[in-house]
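Here are some notes to read alongside the structure. Please check each point against the display.

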Amino acid sequence: MPGTYELLSKVVQPTDLHGLGDKELAQVATEVRQAILDHVSKTGGHFSSNLGTVELTVAMYAAYSIPPDKVVWDTGHQAYPHKLLTGRLDRFDTLRKHKGLNGFLRRDEHPLDSFGAGHAGTAISAALGFAAARDRLGTKEKVVAVTGDAAIASGMSWEALNHAGELQTDLCVVLNDNRMSIAPNVGALHNYLARLRSRPDFQGLARTAKKVIERMPGPATRIAAGLRHGITHYLAPEDTGTIFEEMGFEYIGPVDGHDLPTLLDVFRKVRELDYPVFVHALTVKGKGYEVAEGDARKWHGVVPFDVASCEMPKKGGAPAYTQVFGQAIVELAREDEKIAAITAAMPDGTGLNAFAAEFPDRYYDVGIAEQHAVTFAAGLAAGGLKPFCAVYSTFLQRGFDQVLHDVALQNLPVRFVMDRAGLVGDDGPTHHGVFDISYLSPIPNMVLVAPRDATELREMLRFMADYDGGPIALRYPRGTAEDVLPEARTPIQMGTAEVLGSPESADKPATVTLVAIGSMVQEAWRAAELLAGEGIRAVVVNARFIKPLDKETFARLARETGHIVTMEEGQRTGGFGQQLQDELISSGVTDCRFDIVAIGDHFVEHGAQPIIRADAGLSAETVVKVVTGRAGAKARQSLA
Ligand SMILES: Cc1ncc(C[n+]2csc(CCOP(=O)(O)OP(=O)(O)O)c2C)c(N)n1
């Protein structure tokens, strides 16, 4: 039964919680949970992480004064309760829809989204920045960072904890520990947190946390008594300090992250403290929706589902690129035992689960640690293996220097497989993979390829497995990988494009060449069909290699047709089109019209893929307008 949100609908900002008693706050929590269920079951989105942060958010927002106090959320995928407690209930049905609420956090969406998020591991750094700015400007607000047990393992989180321990300023870090990343969490830190949870003294104390918190000394008492670790020592004996204490934090926990009265006590007390405090809260992903509690991995991110039957629609149709990769890499690994695979906390998202199951001894989930993933892969390559580093295009941004300095400069044969390259859709600008062409192309030694469909993906992966000459990266989009174009195929050869020909009969000279990469090849073919309807014959080329470019083929076609249009699902600046244009100029081909269809110098918003692709002009219709001269001059650039 959808909720009526009697109290929640009156909460426009967190301070509206201040006048409410414990019972009413418990009702607010129930209504927040109901609102998540009611809405996310219709819109899709992040589900289980948000059910896990309900009480934590209600307690923090009731205890702190927001504004001016600030809570900085890590990643932002678990901040739906925050959105609901900051006056966005009436727009929650627009979640992740084009022009609706973003699924993560954005400073331009709401003044209380204190810091934008989407990529993991940023909250402690940003919160520490807020705290240092506060200290410098002499204001008094409190700052809290909320991070997850997977996000806290990222390098940046530790860089920030290290810095915070030294600054010793007023900052609270809340660890929302649900023992899960998207998949089960990994790593030594994860094991350490598990040990903290299972220590008998901690277990006992967690049960009596409320009493313990009541006995916590206030700052005045503590300072007078010269105490530095007073609170923790109510919870743990002197000789069992945690790693967080060693780093300069007061450690409080573990506390039950669903026990609202205890959380209220904890945060009301912690708010009075003026030095680094670390609150370790234990939560359950999917809390309150039984099936999600039972399978947090499946319910991490959901498509619209039926609340009563708990059924999500079965995926049908052509396999996604991710699945094709997942199968192909297993087949290649069966033939070649030097092949290893690496993921940074995304075994499901990258399709590596089958590989993980069949080859556990050459599969590495390094956690949310893309920088490490890249340099680790470089080490594997230097050590004689054939590493495939599977990572989303947007997250490889984290490892840029590692790609350049550790892989390419040493010309090590690391194979990068970039999933979600292109516009991802509902997740929006934090997750679109539209920069990889621009950031990988300038790197010497790098080879960059993009398959046009499933068959070509398999062939390119085989090519990559055989290629030991240096780093090579492959990009493909989110979505299905149907084979729909003319079936004649030529083998993949270094730096060679595939000329697909024209849908129009050959008795007319071609007056334009459409050069597309990856996901745009099919769209280029559609553009050629539309142009044929206008009496224009276009030749379609699948570039295959973004780097190195097939200079001879492109120069010949530029001369023969006198007009090149490039199409790519990526940023224009530094992209494929600009590189090809530059190459043609350098080769002395100047008598040729040249147009680039790519994403302009702006971030693309969230929304369904077809909508935002069309909005960004990545369509056959744009090509037709450009070729027929119906596009404005701005959309065109001529070489002449
Ligand atoms: C840099 C980066 N890598 C990967 C991801 C994908 N990702 C989103 S949420 C998530 C798991 C986060 O787990 P945790 O921090 O424990 O939060 P929980 O969902 O368990 O609340 C991952 C890997 C990301 N957002 N950013």
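1. Five strands make up an open sheet with parallel pairing, in the order S2-S3-S4-S6-S5. Strands here are DSSP runs (E, at least two residues), as helices are (H or I, at least four), numbered from the N terminus; two strands pair if DSSP finds at least two bridges between them. At the edges are S2 (70–73) and S5 (250–256), each pairing on one side only. Neighbouring strands are turned by 20° against each other on average, direction ignored.

2. The model is predicted: local features need pLDDT of at least 70 and side-chain atom pairs pLDDT 80 or more, while totals for chains, interfaces and linings use all residues. Residues are numbered from 1 along each chain as its sequence is written.

3. S5 runs parallel to S6 (residues 277–282), and 5 bridges join them. Tyr251 stands opposite Phe278 in S6.

4. Pro319 lies in the loop between strand S7 (301–302) and helix H15 (321–335). Beyond its neighbours within four places in sequence, Pro319 contacts Val324, Ala454, Thr480 and Ala481 (contact: C-beta atoms within 7 Å).

5. Helices H23 (residues 551–561) and H24 (residues 576–586) pack at about 75°, with axes 10 Å apart (axes are lines fitted to C-alpha atoms over the stretch in contact; angles run from 0 to 180 degrees between N-to-C directions). H23 is therefore roughly perpendicular to H24 (65 to 115 degrees). Lys551, Phe554, Ala555 and Ala558 of H23 meet Leu580, Glu583 and Leu584 of H24.

Note on methods. Two residues are in contact if their C-beta atoms, placed from the backbone, lie within 7 Å. Angles under 35 degrees count as roughly parallel, over 145 as roughly antiparallel, 65 to 115 as roughly perpendicular and the rest as oblique.
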